[in-house]
Amino acid sequence: MADLLSVSTAVPSRAAAIVLARSVISSGLAAGSQVAGPVGSVFWHAGEFGEGEEWVVSFKTTAARYDELEAHLIEHHKWQNPEVTAVPIARASVAYVEWVERVTAK
């Protein structure tokens with residue numbers, strides 16, 4: 001099985017999430033994206049305690065495309081230092097893996 005990843009970030013609005021998802025998918029850096037939210041957020045930022053709402057955007061890609069995807073997310077993100085995290089997908093159907101590999105192939 002290929003090394004598949006689920007990569008996620010958070011953005012301030014649904015509109016920003018859709019714009020970011022479209023730019024990633026149209027660039028071939030991920031095979032698919034999901035937008036979820038709003039979610040409540042509690043955090044420290046710039047030395048201050050904060051609370052707010054965010055929208056989570058997740059992407060399915062291969063480990064081989066991660067560095068490019070991370071760079072794209074940071075470059076096109078509305079925030080200066082966005083969260084970009086990735087977790088491996090331990091198991092997936094053969095057809096799904098083949099689809100992600102095919103869509104994200106260079």
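Me: How many residues lie between E2 and E3 in their hairpin?

Reply: The hairpin has two residues between E2 and E3, and Ala46 in the turn has a positive phi of about 55°. The model is predicted: local features need pLDDT of at least 70, side-chain atom pairs need 80 or more, and totals for chains, interfaces and linings use all residues. Residues are numbered from 1 along each chain as its sequence is written, and side-chain values use heavy atoms, without hydrogens and water. Strands (E, at least two residues) and helices (H or I, at least four) are DSSP runs numbered from the N terminus.

Me: In what order do the four strands form the sheet?

Reply: Strands of a sheet pair through backbone hydrogen bonds, parallel or antiparallel. Here the order is E2-E3-E1-E4, in an open sheet with antiparallel pairing. Strand E2 (32-45) and strand E4 (85-88) each have a single partner strand, so one side of each has no neighbour in the sheet. Pairing requires at least two DSSP bridges between two strands. E2 and E3 pair over twelve bridges, and Val35 has Val57 in E3 as its bridge partner. Strand E1 (residues 4-11) pairs with E4 over four bridges, with Val7 bridged to Ala86 in E4.

Me: Which residues form the nonpolar patch on the surface?

Reply: Val42, Trp44 and Phe49 form it, with about 410 Å² of accessible area together (Shrake-Rupley method, 1.4 Å probe; for residues, only the protein chains shown count as cover). Patch residues have over 30% relative accessible area and no salt bridge; nonpolar side chains are joined within 5 Å, like charges within 9 Å. Val42 sits in strand E2 and counts as exposed because its relative accessibility is 58% (exposed is over 50%, buried under 20%, partly exposed in between).

Me: Which residues do salt bridges join into one network?

Reply: A salt bridge puts a side-chain nitrogen of Lys or Arg within 4 Å of a carboxyl oxygen of Asp or Glu. The count here is two. Glu68 meets Arg65 at 2.9 Å, N to O, and Lys106 meets Glu68 with the closest N and O atoms 3.2 Å apart. Lys106 lies in the segment after H3 and Glu68 in helix H2 (residues 66-76), so this pair ties together parts 38 residues apart in sequence. Through shared partners, Arg65, Glu68 and Lys106 form one network.

Me: Is Arg65 buried or exposed?

Reply: Arg65 is buried, with a relative accessible area of 7%. Glu68 is partly exposed at 33%, and Lys106 is exposed at 79%.

Note on methods: Buried means under 20% relative accessible area, exposed over 50%, partly exposed in between (1.4 Å probe, protein chains only).
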